[in-house]
Amino acid sequence: MRSVFFHTLGLILAVNILILAGNPAPAEPQHGIAMYGTPVLPHDFVSLPYANPDSPKGGRIVLGVAGSFDSLNPLILKGRAPGDLRYFGYESLMGRNYNEPFSLYALLAESVETDANRTWVEFTLRKEARFSDGSPVTVEDVLWSYETLGTKGHPRYLGAWNKIASAVATGPRKVRFTFNVEDRELALIIGMRPILKKVQWQGKDFAASSLEVPITTAPYVIDEYEASRYLVLKRNPDYWGNDLPLRRGVANLDEIRMEFFADSDVMFEAFKAGEIDLMRESNSAKWDNRYNFPAIQSGEVVKSVIPNLRPSGISGLVMNMRNPVFADWRLREAMMLAFNYEFISQTLNGAGKKRISSYFSNSVLGLIPGPATGQVADLLTPFADDLLPGTLEGYSLPVSDGSERNRKNIRKAMALLKEAGWDVVDGVMQNDAGVPLAFEIVLKQGAGEVQTIVDIYVQSLKRLGIHPAVTVIDSAQYKERTNNYDFDMAFYNRGMSLSPGNEQMLYWGADGVTMPGSRNWMGMNSPAAEAMIENILNAPDQEGFRAATRALDRVLTAGRYVIPIWASGPSNIAHKRELHYPRENLPMYGDWIGFLPDVWWYEE
């Protein structure tokens, strides 16, 4: 396992060296594009470094999914589509190498070109690119897809579309996008939009939730489904791109079947019974104690640990500042002090998980503890008057003594609440007007471990005279309420990559305060955060990019918006012994997009 880490770390160092040494790509067709310098893989690369080009084709995998679905369109706001369908069911002009942040390689396009200042980007389509019905992918399909997603698709597509001045065909297989802002990442972002078949959607409301099976270019097509119960994807035997370097050793399984469960415990029992083939386990105590059933003892099921070097992201209870109660940072800090992480972690996983310390922790992009220095300080200082305490000076999460009562932190929380105008009267925390400090914690049905975390947290809050209501709702209601920010506190999970960019504005930008469906669940409106994102997008080099990301990490962490729990760490995966993956060259993102089941194969 150590060799895997050192191999991946060496790859990161090589990537960074190439990024720092490279020059902007010339305005001529290239096989790939990088944010800084040139892509690592040469024009004649054989396969992705973490794929086995000789892996056999065939077999199937049955995956368990917690939740339900009532739509087959993952590209819009309405409805509940299977989350993985966006990745298994669609292709883009460019594709990723998940061992290389901020680089893309030609997929539906055969080449990409841009100017030195990234004011435009042009793609040339492959002649052989085909939809699953055998029809060719045309420039018209591409232009229609971009406009439709940008105007009728999920809000995540809106930001990039608004930065496009023009999108035009410059040849039978060429399309050019010209930008109206300075944003070096746009040339990459534009290459990653899913391409749709225009004819399929003519005369139909694309934005309406639908169970219509999409016609796409991907290796897999939807074979059969029953809403909220199962979805079967079959490998297209006539898939057009089998010989592409990006596809060698990828999409090896003939069938991917997803079984949907309302409860994670029920899903685990189904795994034990052999009804599903693979189970991810995030709880280290359960991994050590529950995964010893007969199929594991006999070797029919094996346990694998997949390391990663990706940022921790943020997982925890988010406080919605649209509720005036949470608008005061002192109250949010009091909520964090009352959250007895050390006791919760010991109770649920034997203290076997490291806590998330910041949004980009566990990576080179994470904030460096202590006072801000160098470029980070230079970026933040103009906003000093508006930054919350700890942003420049350094902020760290509260730490308890591990006892259930958490007396020291409860006293600190009580003092902050009094400072903010709250006090306990007759056992109830209330303000000067006698209004109780009340709020609702909204959870999704089948939350399992999260429900237990909240139960312990509620008991801690009662020591402060705070009695929150806990509401458990089904996944459809949960999506509806969170899309419209109709909650006070909820469980929030947002992954981060080693190549943050435009998506950060969707996560933390002020537009998300009122725009439904953004990831800005906390309702933050921070000019400093938006300025750091702009610096991320236009950093001239890797050093400036890292400084801007670390500065953003400080703004987010000291904002006290989310009460974080533990980082995922290495992925614990139990799976049928017939399922295999390349063990020598794991992607730096580990068990994330592009790995499972993408490069796995079936072999008895």
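**Strand pairing and helix packing**

Mentor: Strand β5 pairs with strand β6 (residues 120-125) in the antiparallel sense over five bridges, where pairing requires that DSSP finds at least two bridges between two strands, and strands (E, at least two residues) and helices (H or I, at least four) are DSSP runs numbered from the N terminus. The model is predicted, so local features need pLDDT of at least 70 and side-chain atom pairs count only at pLDDT 80 or more, while totals for chains, interfaces and linings use all residues. Residues are numbered from 1 along each chain as its sequence is written, and side-chain values use heavy atoms, leaving out hydrogens and water.

Trainee: Which residue in β6 is the bridge partner of Ser111?

Mentor: β5 and β6 are joined by five bridges in the antiparallel sense. For Ser111, the bridge partner in β6 is Thr124.

Trainee: Which strands stand at the edges of the sheet?

Mentor: The sheet is open and has four strands in the order β5-β6-β8-β7, paired antiparallel. Because each has a single partner strand, one side is left without a neighbour in the sheet for β5 (109-114) and β7 (164-171).

Trainee: Is the crossing of α11 and α14 left-handed or right-handed?

Mentor: Helix α11 (residues 341-349) packs with helix α14 (residues 449-462) at about 140 degrees, their axes being 11 Å apart; axes are lines fitted to C-alpha atoms, for helices over the stretch in contact, and angles run from 0 to 180 degrees between N-to-C directions. A crossing is left-handed if the near helix is turned anticlockwise from the far one by less than a right angle, and right-handed if clockwise. The crossing of α11 and α14 is right-handed.
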